[in-house]
Structure formats: structure tokens, C-alpha cells
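Me: I would like to learn how to read a structure one feature at a time. Please give me the general idea where there is one, and then the case at hand.

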Amino acid sequence: MDVLLDIAEPDQSRKPHEIRAEDLRRVVGIDLGTTYSLAAAIDLEGKPACIPDAAGRFMLPSVVYLDPDGSTLVGWPARDRALTHPRDVIASVKRFMGRGLADIIEGRVKTPYELESGEGGMVRVRAGGGSHSPVDISAEILKTLRQQSEAALGGPLQGAVITVPAYFDDAQRQATKDAARLAGIDLLRLLNEPTAAALAYGLDQGKEGLYAIYDLGGGTFDISILKLTQGVFQVMATGGDSALGGDDFDQRLGDLFLEEMGVSAPSPRLMQEVKQEARRIKEALSQAESARAEIRREEGGLYHREVSREAFEERIADLIRLTGGPCRRAIKDSGFERGELQGVVLVGGSTRVPAVRRFVADLFGREPLCDLDPDQVVALGAAHQADLLGGNRRSGDLLLLDVTPLSLGLETMGGMVERIVPRNTPTPTARAQEFTTFKDGQTAMAIQVVQGEREMVDQCRSLARFELRGIPPMVAGAARIRVTFQIDADGLLTVSARELTTGVEQRVEVKPSYGLSDGEIERILRDALDHGEEDLRQRMLAESRVEAERVIAALGAALKADSALLSPEELTQVKLAMAKLWEISRGEDHEKINNGLRELDQQTRFFAQRRMDQTIQTAMAGHRLEEFEK
Amino acid sequence: MDANRKTCQGCWTCRALLDQKPLCPSCGAVQPPNPEEDFFHVFGLDHLFDVDATVLEQVYQERQRQLHPDRFAGRPETERRFSVEQAAQINAAYQTLRSPFTRAAYLLKLAGRPASGDGGSIKDPAFLMEIMELREELDAIDPHSRGAEERLRRMRKAMEDRMSGEISAIGAAFRDYFAEGDPQRLNDAGKRVERLNYYRRYLEELDRKEEELY
């Protein structure tokens with residue numbers, strides 16, 4: 001029967017190796033950059049290619065114009081409005097991702113925007129008559145790339161790999177993930193930018209051996225040392241600075257112009273113009289020996305000056321030197337010597353600056369490689385990974401082994417950091433740590449998770465602060481609670497605390513507090529719904545249903561194991577609540593399901609508490625026995 | 001005990017009996033890792049100190065090829081979680097076995113003679129004096145002074161030579177122990193591992209000093 005049907009198929013005639021677009025999953029790699037963003041996909045010949053916009057351009061300026069009427073413009077038209085709407089045209093928003101207001105104010109680059117502090121301490125931008133999070137604004141860029149990709153691939157996008165600087169911390173990664181979710185993109189993976197570049201060099205250029213990837217973009221710097229062997233891309237070490245890039249070069253030139261113009265408090269318009277002119281001059285000086293800058297003065301008239309390449313290089317020399325430390329550290333962490341490298345690869349638009357190239361050549365003792373366009377190479381590499389994860393697998397049997405860029409630690413007595421996952425540990429990774437109480441009768445303990453290399457907690461970035469409650473009162477040092485820190489393949493952290501004894505397990509999932517809260521994401525998603533985005537509603541419904549199923553299954557298992565902890569009335573009550581959620585989850589309203597989830601959680605919390613108490617008591621009993629035996 | 005329980009429960013998705021392997025022999029689904037599994041076993045290696053780095057890397061990559069979350073991108077949430085847990089265990093095993101120090105400490109733990117982490121069991125006053133002097137010498141170096149980089153490089157080289165000597169001796173002690181079962185040789189390995197720990201701490205301090213150079 002099957003055979004007959006097969007023969008009747010009209011495209012039997014096609015050659016077996018022929019690939020048709022409709023057989024492939026529509027997936028892309030996206031480089032969400034500070035200055036430019038772009039998407040790429042693997043074409044029918046199996047080669048990666050960037051996806052052009054309607055005008056044939058690959059690069060989309062990462063610039064968003066927020067109109068007071070609530071609409072937005074992204075890319076070139078947004079950039080064109082920078083001078084007429086200086087406060088409503090947001091550029092380089094990547095620098096704000098996962099950052100607090102203080103981080104931005106203390107940073108090197110000044111902005112013409114009105115910034116404020118939002119939920120969870122995250123910075124927000126006042127523009128277009130409203131308040132916007134960097135995540136919202138990034139999502140606008142991603143939406144535009146999604147539309148371009150869908151037009152090019154001929155249907156709805158089925159998934160994307162989005163790249164992030166390798167040195168991005170957890171909050172910055174979480175923010176990027178949230179932006180993908182807001183843009184309605186099914187995120188297959190967050191991929192480190194230098195690793196993506198290495199993929200492109202390995203697969204499209206056939207490079208093998210030990211390579212350093214020097215990636216200096218608009219706002220971030222990464223250095224990664226990778227070993228490339230037969231389809232395996234193993235990151236040996238990584239380092240960088242997530243607030244250093246071409247924007248800083250522009251700032252230095254801009255400061256020079258403002259100084260010479262005698263302006264100390266420029267208007268937002270002048271700031272935008274100075275920024276644009278500085279960037280134009282910087283780009284021109286990559287080719288020319290000198291270039292003429294022209295800026296309209298506030299009071300009328302023109303400021304102009306000739307900028308020589310030498311003068312420009314002098315002003316940015318110290319910034320370029322800042323990349324040296326992370327490079328030396330990464331080489332050392334990799335366990336190799338500089339001389340063992342097969343090559344150094346340049347990635348990112350800022351490596352077009354001749355002084356940067358000279359610095360890299362000096363530092364590594366060899367001429368750097370730039371066979372692939374440094375602006376495109378990250379997106380091209382990400383396209384390979386998307387093809388693999390999306391299930392097309394045309395890039396062969398490749399394997400990516402990455403590392404965590406920053407050490408993960410816990411606060412201990414006196415504000416010191418106890419390191420539990422050192423930097424450059426291969427991911428995914430999990431480390432468990434046992435905690436105990438330090439006061440008699442203590443029933444709760446606070447745990448603070450930080451990321452960074454410094455020894456004091458306040459010098460590192462706080463990722464999560466949470467409390468373990470419900471510890472039965474006992475003498476100091478008697479309680480034992482195992483906390484597991486897991487970093488997944490996206491570089492994202494999950495913390496779970498558990499009392500694991502007689503097969504009973506309680507998990508407390510803690511998400512880092514810095515990013516958007518789930519409530520905030522849902523609110524923004526709901527706003528998007530009002531604009532009639534049906535697919536988002538479906539997605540949320542699916543997510544809520546899966547969550548309901550998971551909770552029901554977990555509760556069922558808990559009842560099976562521990563129904564003895566409940567009175568018959570309580571048991572009936574819990575079962576009823578469970579049945580009610582099951583009923584609701586058949587419906588089409590995700591909000592009702594979420595309410596049902598919250599309700600069930602409230603109604604069964606006492607049961608969870610009793611189970612936790614029981615397991616902790618069992619553990620303690622065992623512990624005391626051991627001590628007796630000693 | 002834990003492992004047996006898991007085997008009895010069978011595959012989480014098709015309920016088939018499991019055979020201690022990470023993938024179900026019947027349906028191919030990833031199973032949760034056994035947290036008690038020893039790291040040598042994860043790579044199918046015997047309990048020996050001598051591990052060929054090339055072989056270890058090959059087996060490591062093979063295991064990751066099989067279980068890395070990239071392999072399970074389109075699969076159900078539960079299976080993806082198990083693959084993350086499996087990959088994390090493989091990474092932990094690799095991290096432990098690839099460095100001679102952590103490998104030796106791990107072998108001692110398996111042999112029931114764990115090296116105390118704080119090195120407090122070293123009673124040899126001459127050794128402790130020597131370490132103290134080395135640290136004082138390191139402390140006295142101003143990283144911004146002329147020739148500091150070169151001096152630090154020489155000190156690192158001297159320490160690394162000393163460590164590789166200690167590692168060779170640890171290897172010999174373990175070989176004897178595994179061949180003849182002489183507990184004295186295990187004790188010897190244990191003492192040397194604790195000394196190695198002091199050297200490692202010294203190198204960490206040297207690292208911190210070098211950081212100031214950059």
C-alpha cells in the first residue's frame with residue numbers, strides 16, 4: 001500500500017539528493033549587534049548567505065525610532081530621523097541590555113537619551129512619549145529581521161539562533177532571550193559570537209587547529225581561543241569586555257569635536273550629529289589618511305576640522321590596549337602558548353580600524369586573518385548552528401563545546417565570594433554545594449549568587465538573591481541543604497535547592513532577578529496581543545498548557561508517594577483542585593490556565609511544605625545517627 | 001542503590017528496561033544521569049592514574065557528540081533537560097580527569113582516602129617553611145616594577161617543574177598501589193597530592209599577581 005502510494009507521488013522523478021526549499025525548516029542565524037544586525041540562512045546549495053532587505057542591503061542598523069503614536073521604525077529610516085527626533089531615535093541599545101541605570105551612567109559612552117530605572121533595577125528609556133525597556137527595543141530589531149527572513153524563506157520562521165558576545169553575563173543573556181520571546185521568535189540557542197565566527201571559518205574555509213578569534217564590535221569585545229578538529233569546535237578559553245567597542249572610539253572623536261566647539265552641555269540633537277559625524281570620520285579613516293569633519297553649530301554656522309588618521313589613533317590608543325589583558329589571560333587560561341596558535345581571526349566592524357589590526361598583529365606575533373567579511377561572519381556561523389538545531393543538518397556532524405566566560409560564586413561571611421564555577425568551565429555545567437545553618441533555631445537562609453572575577457561580593461554582579469525557608473528549627477550546623485547551580489548550553493543559570501533523601505525531591509527554581517520578571521514579559525506580550533498577533537496568543541496558550549500538564553503530573557506523583565501526609569478531607573480537596581486545573585487547561589484561555597495554576601499552587605502549598613519538612617527531618621534523623629556512630 | 005532503583009523503574013518514556021547506558025536501548029531517549037556514577041566509568045576507563053590525554057579528549061568528544069543538548073534541540077522538554085544534565089556530568093568528569101591534580105584527588109577519594117581540602121594534614125615544618133618563604137618572595141614583587149614580568153615568568157617555570165616532578169612521583173605511587181595493593185604507596189600518593197595542593201595555591205597567587213601586569 002505504502003509502496004503504491006510512493007510510486008504515485010508526482011515528484012518521484014526528482015533526484016534523491018536534490019533539496020527543495022519546502023522540505024527544509026525555515027531557520028536563521030541572527031547577529032543582534034550593537035551597531036548593525038543581520039540574519040543569515042543556509043541556502044539550497046548548503047552554503048550560508050546573508051538575507052537582504054527589500055533594497056538588497058544585508059546590514060540593518062540597530063536603530064529604532066519610537067513614534068509618539070505608538071508605531072516604530074527600524075533600521076535605515078530610523079537612523080535618518082536621528083537629527084530631527086534626537087531623543088526618540090535609539091541606537092546601540094545592546095549596551096543597555098541586562099544593565100541597571102548606574103551601569104550606564106558610570107560607563108564610557110554618553111547618550112542623548114532620557115534614562116530611568118525600571119522594574120528589577122533595569123534601565124529604561126523615555127522616548128516617543130512612553131517608557132521602553134532595552135528588551136522591547138531589541139525585540140523591534142528582531143521583528144524586522146524576522147519579517148525579512150520570512151519574506152526571503154517564503155513562510156513563517158520556525159526558529160533562530162541568536163548570537164551574544166561571549167563575555168555577556170547572565171543578565172545580558174536573559175535579556176536577549178526575553179527579546180527573542182517578545183519578537184515571537186522560537187529561540188533555538190544563544191550562541192557566542194566568536195564561536196559563531198569560528199564555525200564559519202571552520203566550515204566554509206576548512207580551517208583546522210588552534211585559533212584565536214578577536215572580535216571587536218560596536219559595543220563589546222570578545223577573545224576566544226578555539227580548537228577546531230573534524231567538525232568539533234571546542235572553546236578552550238574566552239575573555240573580553242562587554243562594554244568596549246567602536247562606540248567608544250566614536251565617543252573619543254566626538255569629545256574632541258565638542259571640546260573644540262567649546263560646548264560642554266550639548267543638546268540631544270547636537271549629540272546625535274556629533275556621534276554620526278564621528279562614526280563617519282572613523283570609517284573614512286580606515287581607508288583615507290585624513291578626513292574632514294563638519295558639524296552644524298547650535299548657534300548657526302559650521303564647525304569643521306581635518307582629522308588625520310594619526311590624530312585619531314592617538315586618541316583611541318589606550319582603548320585598543322585595553323583588549324590586550326583579556327587576550328593574554330585567555331591564552332593563559334587555554335593552557336596553550338601564543339606560538340601554538342595556527343592563526344588569529346578578526347571579527348567585528350571595529351577590526352577595520354588599521355590601528356586595531358596592527359595591535360593584534362603585534363600582540364599575537366602574526367598577521368591576522370580576515371578572509372570572511374568581519375561584519376557578516378558571525379551571522380553566517382550562526383546560520384550553520386540554526387540549520388543543525390532546526391533539524392536540517394546540512395552542515396555535517398558538527399559539535400560545539402563552549403565555556404562559561406565568568407566565574408560564578410556565592411556570598412559567604414563578610415561579603416566575600418566563594419567561587420563555585422570557575423570561568424572557562426565547559427558548559428553545560430552543574431555544581432552542587434551543601435549549606436547549613438549558623439544559628440540555633442534558624443529556619444531560613446539567604447543565598448546570593450554573583451558572577452565575576454573579583455573577591456568581594458559588591459564588586460561582582462549579583463545574579464540572584466533568594467531565601468530557603470521552612471528549615472525545621474534545630475541547632476546550628478545541623479541542617480543540610482543541597483543547592484545545585486546549573487549553566488545550560490545558552491550560558492544561562494538555574495539554581496535549584498533540594499533535600500534529596502528517600503527518593504523524594506523538592507525543587508525550587510530560581511531565575512536570576514536582574515532580567516525581566518515573568519509578569520513583566522507577560523504584560524508586554526499582552527500589549528502585543530492587542531495589536532492582533534494571533535501566533536503569540538497560541539504560543540502562550542501552548543506554554544500554559546504544558547506548564548499545567550507538568551504541574552498535574554508532578555502533583556500526581558507527589559500524591560502517590562506521600563498521600564499519608566494528608567487527612568482524607570485534605571486529600572479530596574487537593575484532588576478536586578487538581579481536577580479543576582485539568583478542566584481549565586482543556587480550554588483556550590491561557591490566562592485562565594495561569595490563574596488556575598496559581599490557585600492550585602496556593603491550595604497545595606501546605607502539602608509541599610509538609611513534604612519538605614518531612615524530607616528535611618528524615619535527613620536530619622539520618623545525620624544525627626551518623627554522628628552517634630562516630 | 002540509586003542506580004538500581006532507576007534500572008527497575010525503566011525508561012522514563014517507553015518503560016523499557018535500562019542497561020546503565022545514557023540512552024534507552026529500546027527507544028533511544030536520553031535518560032537522567034546517575035549522579036553516583038564515577039567519572040572514570042563515565043568514559044569507560046579503569047581506575048588508573050595514567051590517562052592518555054589524547055584518548056581522554058577523544059572519548060570526551062564522542063560522549064558529547066552523543067549527549068550534548070544540541071543533539072536534542074527539537075525533542076520534548078524533559079529529554080532536553082536530561083541531555084543538559086548528562087552533558088554537565090560529562091563535562092564534570094572531563095574537568096576532573098584531565099588535570100593530574102584533580103584526577104589524583106579523585107582517585108584517593110574513590111580509594112577511601114580523601115585528601116583533606118585545606119592541606120591541614122601536612123605536618124612537615126621544613127616544607128611549610130619553604131612554602132611560606134616562596135609566598136613571601138612572591139608578595140614582595142611589585143608588578144609594576146622593571147623586570148617584574150620576567151621574574152614572575154621564572155618563578156612560574158620553577159614551580160611548574162617542581163609540580164611535574166611531584167606528579168611523576170604520584171603516578172609511580174599509584175602504579176605501585178594498583179599493582180600490589182600496598183596501602184603505604186596510597187598514603188605516599190595522598191601526601192604528595194596535598195603538597196601539590198600547596199603548589200597550586202601558590203600558582204593561583206602568582207596568577208593574581210600576573211593579572212596586575214595587564
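Me: Into which domains is chain B divided?
Reply: This is a predicted model. Chain B is split into domain 1, residues 2–98, and domain 2, residues 118–211. Taken over C-alpha atoms, the centres of domain 1 and domain 2 of chain B are 34 Å apart.

Me: At what angle do the axes of helix H7 and helix H8 of chain B cross?
Reply: Helix H7 of chain B covers residues 148–180 and helix H8 of chain B covers residues 183–211; their axes cross at roughly 160° and come within 9 Å. Angles over 145 degrees count as roughly antiparallel, so H7(B) is roughly antiparallel to H8(B). The crossing of H7(B) with H8(B) is left-handed.

Me: Which classes of residue make up the contact of H7(B) with H8(B)?
Reply: The contact of H7(B) with H8(B) has 17 nonpolar and 10 charged residues, and no polar ones.

Me: How do helix H9 and helix H11 of chain A pack?
Reply: Helix H9 (residues 309–321) and helix H11 (residues 354–364) of chain A have axes 10 Å apart and pack at an angle of about 40°. That angle makes H9(A) oblique to H11(A). H9(A) passes H11(A) in a right-handed crossing.

Me: Next, sheets. What is the order of the strands in the open sheet of four strands in chain A?
Reply: The general idea is that strands of a sheet pair through backbone hydrogen bonds, either parallel or antiparallel. In this sheet of chain A the order is S21-S20-S23-S24, and the pairing is antiparallel. S21 and strand S24 (461–468) of chain A are at the edges with a single partner strand each, so each has one side without a neighbour in the sheet. On average, neighbouring strands of this sheet are turned by 30° against each other, direction ignored.

Me: How many bridges join strand S20 of chain A to S21(A)?
Reply: Strand S20 (residues 408–412) of chain A is joined to S21(A) by five bridges, and the two run antiparallel. For one of the residues involved, Glu411(A), the bridge partner in S21(A) is Val417(A).

Me: Which strands form the open sheet of three in chain A?
Reply: The order there is S6-S5-S7 in chain A, with antiparallel pairing. Strand S6 (72–74) and S7 of chain A stand at the edges; each has a single partner strand, so one side of each lacks a neighbour in the sheet. Neighbouring strands of this sheet are turned by 20° against each other on average, direction ignored. Strand S5 (residues 63–66) of chain A pairs with S6(A) over three bridges in the antiparallel sense. Tyr65(A) has Leu73(A) as its bridge partner in S6(A).

Me: How many residues lie between S8(A) and S9(A) in their hairpin?
Reply: There are five residues between S8(A) and S9(A), and Gly120(A) in the turn has a positive phi of about 70°. Strand S8 (residues 114–117) and strand S9 (residues 123–127) of chain A run antiparallel and are joined by four bridges. Glu114(A) has its bridge partner, Arg126(A), in S9(A).

Me: Is Ser92(A) buried or exposed?
Reply: Ser92(A) counts as buried because it has 20 C-beta neighbours inside 10 Å.

Me: Where does Gln230(A) lie, and is Gln230(A) buried or exposed?
Reply: Gln230(A) is in the loop between strand S14 (221–229) and strand S15 (232–241) of chain A. With 11 other C-beta atoms within 10 Å, Gln230(A) is exposed. Although it is not a glycine, Gln230(A) has a positive phi of about 40°.

Me: Is the peptide bond from Thr427(A) to Pro428(A) cis or trans?
Reply: The bond from Thr427(A) to Pro428(A) is cis, with omega near -5°. Pro428(A) is placed in the loop between strand S21 (416–421) and strand S22 (429–435) of chain A.

Terms used: Residues are numbered from 1 along each chain as its sequence is written. Chains are lettered from A and ligands numbered from 1 in the order in which they are written. This is a predicted model: local features need pLDDT of at least 70, side-chain atom pairs count only at pLDDT 80 or more; totals for chains, interfaces and linings use all residues. Axes are lines fitted to C-alpha atoms, for helices over the stretch in contact, and angles run from 0 to 180 degrees between N-to-C directions. Angles under 35 degrees count as roughly parallel, over 145 as roughly antiparallel, 65 to 115 as roughly perpendicular and the rest as oblique. A crossing is left-handed if the near helix is turned anticlockwise from the far one by less than a right angle, and right-handed if clockwise. Ala, Val, Leu, Ile, Met, Phe, Trp, Tyr, Cys and Pro count as nonpolar, Asp, Glu, Lys and Arg as charged, and the others, Gly among them, as polar. Domain bounds come from an automatic or database domain assignment. A residue is buried if 20 or more other C-beta atoms lie within 10 Å of its own, exposed if 12 or fewer, and partly exposed in between; C-beta atoms are placed from the backbone. Two strands pair if DSSP finds at least two bridges between them.
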